[in-house]
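Thank you all for making time this morning.

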Amino acid sequence: MRIITPATDIMEPFIGIFLNIPIIFSDRLFVRIISIIQNINKKNIIILSGPLSSAGNKNRLEGCKDALKQLGKDDYKIVECENTTNSGYNRALFVLKNTIPDLIIALNDLIGIGVLRAAYEKKIPVPENLEVTGFGGSI
(Lines give C-alpha, C1' and ligand atoms only; values in the text may rest on other atoms or scores of the structure.)
Protein backbone atom coordinates (compact mmCIF):
# COMPACT_ATOMS: atom_id res chain seq x y z
CA MET A 1 0.00 0.00 0.00
CA ARG A 2 1.28 3.43 -0.95
CA ILE A 3 0.93 6.31 1.46
CA ILE A 4 0.01 9.53 -0.32
CA THR A 5 0.06 12.90 1.36
CA PRO A 6 -0.95 16.25 -0.15
CA ALA A 7 1.52 19.04 -0.72
CA THR A 8 2.10 20.97 2.49
CA ASP A 9 0.83 24.18 0.91
CA ILE A 10 -2.60 22.64 0.19
CA MET A 11 -4.60 22.85 3.38
CA GLU A 12 -7.52 20.63 2.40
CA PRO A 13 -8.84 17.63 4.31
CA PHE A 14 -7.18 14.35 3.36
CA ILE A 15 -8.01 10.90 4.67
CA GLY A 16 -5.51 8.44 3.19
CA ILE A 17 -5.80 5.07 1.52
CA PHE A 18 -8.67 2.58 1.77
CA LEU A 19 -8.47 -0.59 -0.36
CA ASN A 20 -5.80 1.09 -2.54
CA ILE A 21 -8.16 4.02 -3.21
CA PRO A 22 -6.88 7.45 -2.22
CA ILE A 23 -9.75 9.12 -0.37
CA ILE A 24 -9.91 12.92 -0.60
CA PHE A 25 -12.49 15.61 0.07
CA SER A 26 -11.31 18.32 -2.31
CA ASP A 27 -11.41 18.28 -6.08
CA ARG A 28 -8.50 20.75 -5.95
CA LEU A 29 -6.26 17.82 -5.03
CA PHE A 30 -6.84 16.03 -8.36
CA VAL A 31 -3.55 17.24 -9.81
CA ARG A 32 -1.58 16.25 -6.71
CA ILE A 33 -3.10 12.78 -6.35
CA ILE A 34 -3.10 11.91 -10.05
CA SER A 35 0.48 13.11 -10.49
CA ILE A 36 1.62 10.92 -7.60
CA ILE A 37 -0.08 7.69 -8.68
CA GLN A 38 0.23 8.09 -12.42
CA ASN A 39 3.69 7.66 -13.82
CA ILE A 40 4.58 9.18 -17.14
CA ASN A 41 4.06 5.90 -19.06
CA LYS A 42 0.34 5.57 -18.32
CA LYS A 43 -1.40 5.68 -21.67
CA ASN A 44 -4.71 3.83 -21.32
CA ILE A 45 -6.80 5.88 -18.88
CA ILE A 46 -10.50 5.41 -18.15
CA ILE A 47 -12.57 7.92 -16.15
CA LEU A 48 -15.72 6.47 -14.58
CA SER A 49 -18.05 9.36 -13.81
CA GLY A 50 -21.39 9.56 -12.09
CA PRO A 51 -24.35 10.85 -14.12
CA LEU A 52 -23.41 14.03 -15.95
CA SER A 53 -26.92 15.38 -15.39
CA SER A 54 -25.62 16.28 -11.90
CA ALA A 55 -23.71 19.57 -11.58
CA GLY A 56 -21.49 18.00 -8.91
CA ASN A 57 -20.48 15.15 -11.20
CA LYS A 58 -19.85 17.59 -14.07
CA ASN A 59 -17.62 19.73 -11.86
CA ARG A 60 -15.68 16.73 -10.62
CA LEU A 61 -15.18 15.49 -14.18
CA GLU A 62 -13.97 18.93 -15.30
CA GLY A 63 -11.51 19.02 -12.38
CA CYS A 64 -10.19 15.60 -13.36
CA LYS A 65 -9.88 16.56 -17.03
CA ASP A 66 -8.05 19.76 -16.08
CA ALA A 67 -5.63 17.77 -13.91
CA LEU A 68 -4.93 15.29 -16.69
CA LYS A 69 -4.42 18.14 -19.16
CA GLN A 70 -1.88 19.77 -16.82
CA LEU A 71 -0.03 16.46 -16.78
CA GLY A 72 -0.03 16.28 -20.58
CA LYS A 73 -2.64 13.55 -20.71
CA ASP A 74 -5.45 14.25 -23.16
CA ASP A 75 -6.11 10.76 -24.46
CA TYR A 76 -8.58 9.10 -22.10
CA LYS A 77 -12.06 7.61 -22.24
CA ILE A 78 -15.01 8.76 -20.12
CA VAL A 79 -17.58 6.15 -19.09
CA GLU A 80 -20.73 7.38 -17.37
CA CYS A 81 -22.43 5.32 -14.68
CA GLU A 82 -24.54 5.75 -11.57
CA ASN A 83 -22.95 6.79 -8.27
CA THR A 84 -23.18 3.28 -6.86
CA THR A 85 -20.88 0.36 -6.18
CA ASN A 86 -22.98 -1.91 -8.39
CA SER A 87 -22.90 0.49 -11.32
CA GLY A 88 -19.12 0.95 -10.96
CA TYR A 89 -18.76 -2.83 -10.90
CA ASN A 90 -20.87 -3.35 -14.03
CA ARG A 91 -19.14 -0.58 -16.00
CA ALA A 92 -15.73 -1.87 -14.92
CA LEU A 93 -16.64 -5.37 -16.12
CA PHE A 94 -17.59 -3.82 -19.46
CA VAL A 95 -14.29 -1.90 -19.64
CA LEU A 96 -12.20 -4.90 -18.52
CA LYS A 97 -13.90 -7.23 -21.01
CA ASN A 98 -11.45 -6.46 -23.84
CA THR A 99 -8.51 -4.69 -22.23
CA ILE A 100 -6.86 -3.82 -18.94
CA PRO A 101 -6.36 -0.06 -18.75
CA ASP A 102 -3.33 1.35 -16.97
CA LEU A 103 -5.50 3.54 -14.73
CA ILE A 104 -9.17 3.81 -13.84
CA ILE A 105 -10.16 7.08 -12.20
CA ALA A 106 -13.43 6.57 -10.34
CA LEU A 107 -14.98 9.95 -9.66
CA ASN A 108 -16.49 8.76 -6.40
CA ASP A 109 -15.55 6.18 -3.83
CA LEU A 110 -18.53 3.88 -4.40
CA ILE A 111 -17.73 3.58 -8.10
CA GLY A 112 -14.10 2.89 -7.12
CA ILE A 113 -15.10 0.03 -4.83
CA GLY A 114 -17.15 -1.44 -7.68
CA VAL A 115 -14.08 -1.24 -9.92
CA LEU A 116 -11.98 -3.05 -7.29
CA ARG A 117 -14.61 -5.79 -7.02
CA ALA A 118 -14.60 -6.28 -10.80
CA ALA A 119 -10.79 -6.37 -10.89
CA TYR A 120 -10.76 -8.91 -8.06
CA GLU A 121 -13.27 -11.16 -9.80
CA LYS A 122 -11.31 -10.93 -13.08
CA LYS A 123 -8.12 -11.75 -11.10
CA ILE A 124 -6.45 -8.49 -12.14
CA PRO A 125 -3.92 -7.45 -9.49
CA VAL A 126 -4.41 -3.91 -8.16
CA PRO A 127 -2.21 -1.83 -8.24
CA GLU A 128 0.33 -4.08 -10.01
CA ASN A 129 -1.60 -4.41 -13.31
CA LEU A 130 -4.32 -1.80 -12.82
CA GLU A 131 -4.23 1.39 -10.78
CA VAL A 132 -7.55 2.56 -9.36
CA THR A 133 -8.33 5.87 -7.68
CA GLY A 134 -11.54 7.04 -6.09
CA PHE A 135 -12.37 10.60 -5.06
CA GLY A 136 -14.92 11.85 -2.66
CA GLY A 137 -14.77 11.02 1.03
CA SER A 138 -17.97 9.00 1.17
CA ILE A 139 -16.15 6.15 2.90
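Let me begin with a question: at roughly what angle do the axes of helix 3 and helix 4 cross? Please keep in mind that what you see is a predicted model. In this model the axis of helix 3, which covers residues 85-96, and the axis of helix 4, which covers residues 109-121, come within 7 Å and cross at roughly 45°. As for the hand of the crossing between helix 3 and helix 4, it is right-handed.

Which residues make this contact? From helix 3 they include Tyr89, Ala92, Leu93 and Leu96, and among their counterparts in helix 4 are Leu110, Ile113, Arg117 and Ala118. Sorted by class, the contact of helix 3 with helix 4 has ten nonpolar, four polar and two charged residues.

Pairs of aromatic rings are another matter, for a search of the whole structure finds zero of them.

Finally, let us follow the chain into the loop between helix 4 and strand 6, where we find both Lys123 and Pro127. Most residues other than glycine have a negative phi, and most peptide bonds are trans. Lys123, however, has a positive phi, near 60°, and the peptide bond from Val126 to Pro127 is cis, with omega near 5°.

How values were computed
Residues are numbered from 1 along each chain as its sequence is written. This is a predicted model: local features need pLDDT of at least 70, side-chain atom pairs count only at pLDDT 80 or more; totals for chains, interfaces and linings use all residues. Side-chain values use heavy atoms; hydrogens and water are left out. Axes are lines fitted to C-alpha atoms, for helices over the stretch in contact, and angles run from 0 to 180 degrees between N-to-C directions. Helices (H or I, at least four residues) and strands (E, at least two) are DSSP runs, numbered from the N terminus. A crossing is left-handed if the near helix is turned anticlockwise from the far one by less than a right angle, and right-handed if clockwise. Contact means heavy atoms within 4.5 Å. Ala, Val, Leu, Ile, Met, Phe, Trp, Tyr, Cys and Pro count as nonpolar, Asp, Glu, Lys and Arg as charged, and the others, Gly among them, as polar. Rings of Phe, Tyr and Trp (its six-membered ring) pair if their centres lie within 6.5 Å; planes under 30 degrees apart count as stacked, over 60 as edge-to-face and the rest as tilted.
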